[in-house]
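User: I am new to this structure and would like to learn how to read its features. Please take me through them one at a time.

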Amino acid sequence: MSTGEDHDRGGAGQSAGFPAPRIIAVLGDVTTMQVDAVVNAANRALAGGAGVDGAIHRAARAATLRAACRALGGCEPGDAKATPGFGLRARWIVHTVGPVWNGGGRGERAVLASCYRRSFEVAESLGARSIAFPAIATGVYGFPPELAAGIAVRTLRSLRSAVVREVVLVAFDPSTLSLYRHHLQTA
Ligand code: ADP
């Protein structure tokens with residue numbers, strides 16, 4: 001269901017005339033993806049944490065990544081900032097900060113859509129041809145997975161790029177994978 005609240009408002013990543021990247025969904029661990037950029041579900045302080053964030057810090061060179069994150073000076077919800085991959089297969093990590101779910105009346109949908117759009121734009125500006133996304137905000141931040149999957153697919157489908165060729169939606173569990181498959185077939 002689209003509420004209209006998460007609709008993309010334009011900007012980079014929407015350049016008319018450029019092709020739409022291929023979007024696929026896989027079951028797996030985002031830290032092991034063989035892509036140019038992996039997206040991290042980070043927190044505002046970019047201080048490292050649980051879930052995806054913890055896994056990325058463990059898989060990369062943690063101390064170097066922590067220092068690079070500190071130098072970025074935090075990140076607002078809905079925005080994204082990049083560091084090198086520091087030992088991941090991916091060349092870059094794009095850190096984005098999801099919305100904490102507060103019932104849905106505080107702009108959470110728009111902030112989540114912005115996470116996908118801004119992460120895509122940041123990865124594109126680095127020259128990434130492929131990007132892997134975890135299910136941002138659906139863990140500790142409590143965003144309902146069904147809603148989040150629809151927003152992810154709709155937002156990414158609206159983006160165009162001369163650079164990014166493939167977007168991988170990484171589901172950590174089979175139910176998230178079926179949500180992605182459903183939306184990719186029907187959205
Ligand atoms: P947030 O704080 O934004 O909610 P979390 O990291 O707590 O982010 O969780 C986001 C989603 O990522 C959850 O659905 C969780 O199951 C999933 N997840 C956790 N670890 C991984 C991983 N290594 N790879 C892919 N997805 C993961």
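User: What covers the buried residues of α4?

Analyst: Some terms come before the case. Helices (H or I, at least four residues) and strands (E, at least two) are DSSP runs, numbered from the N terminus. A residue is buried if 20 or more other C-beta atoms lie within 10 Å of its own, exposed if 12 or fewer, and partly exposed in between, with C-beta atoms placed from the backbone. Two residues are in contact if their C-beta atoms, placed from the backbone, lie within 7 Å. Here the cover over the buried residues of α4 includes β1 (22-27), α3, β5 (130-133), β6 and α5 (174-186). The buried residues in α4 are L147, A148, A149, G150, I151, A152, V153, T155 and L156.

User: Before we go on, what kind of model is this, and how are residues numbered?

Analyst: This is a predicted model: local features need pLDDT of at least 70, side-chain atom pairs count only at pLDDT 80 or more, and totals for chains, interfaces and linings use all residues. Residues are numbered from 1 along each chain as its sequence is written.

User: How many residues does α4 have, and what span does it reach?

Analyst: The expected span of a helix is 1.5 Å times one less than its number of residues. α4 has 13 residues and reaches 18 Å from its first C-alpha to its last, close to the 18 Å expected at 1.5 Å a residue.

User: In what order do the elements of the protein chain run?

Analyst: The protein chain has five helices and six strands. Read from the N terminus, their order is β-β-α-α-β-β-α-β-α-β-α.

User: Why does the radius of gyration of the protein chain agree with a compact globule?

Analyst: The radius of gyration is taken over C-alpha atoms, and the globule rule is 2.2 Å times the number of residues to the power 0.38. For 187 residues a compact globule would have a value near 16 Å, and the protein chain has 15 Å, which agrees. Along the principal axes, the C-alpha atoms fill a box of roughly 40 × 35 × 30 Å. Of the 187 residues, 48% count as buried. Among contacts between residues at least 6 apart in sequence, 76% join residues at least 24 apart.

User: Which residues touch the most other members of the largest nonpolar core?

Analyst: In soluble globular proteins, nonpolar side chains tend to be buried together. A nonpolar core is a set of buried Ala, Val, Leu, Ile, Met, Phe, Trp, Tyr and Cys residues joined through C-beta atoms within 7 Å. The largest one here has 58 residues, and V38, I131, A132 and F133 touch the most other members. Helix α3 (residues 108-125) gives the largest share of this core, eight residues. As for A132, its contacts beyond four places in sequence are V30, M33, V35, V38, V39, V168 and V170.

User: What surrounds the ligand?

Analyst: A residue is near a molecule or strand if its C-beta atom, placed from the backbone, lies within 6 Å of it. The ligand is surrounded by 20 residues, and the closest are A41, G51, G139, Y141 and F172. Helix α1 (residues 51-59) supplies the largest share of this shell, four residues. Ala, Val, Leu, Ile, Met, Phe, Trp, Tyr, Cys and Pro count as nonpolar, Asp, Glu, Lys and Arg as charged, and the others, Gly among them, as polar. By that sorting the shell holds 13 nonpolar, five polar and two charged residues.

User: What is the phi of L46, and what is that of A137?

Analyst: Most residues other than glycine have a negative phi. L46 has a positive phi of about 50 degrees although it is not a glycine, and A137, also not a glycine, has a positive phi of about 75 degrees. L46 sits in the loop between β2 (37-42) and α1, while A137 lies in the loop between β5 and α4.

User: Are L46 and A137 buried or exposed?

Analyst: L46 counts as buried because it has 23 C-beta neighbours inside 10 Å. A137 is buried too, with 27 other C-beta atoms within 10 Å.

User: Where is R165 found, and with which residues is it in contact?

Analyst: R165 is in the loop between α4 (145-157) and β6 (166-171). With 15 other C-beta atoms within 10 Å, R165 is partly exposed. Leaving aside neighbours within four places in sequence, R165 is in contact with P21, R22, R129 and S130.
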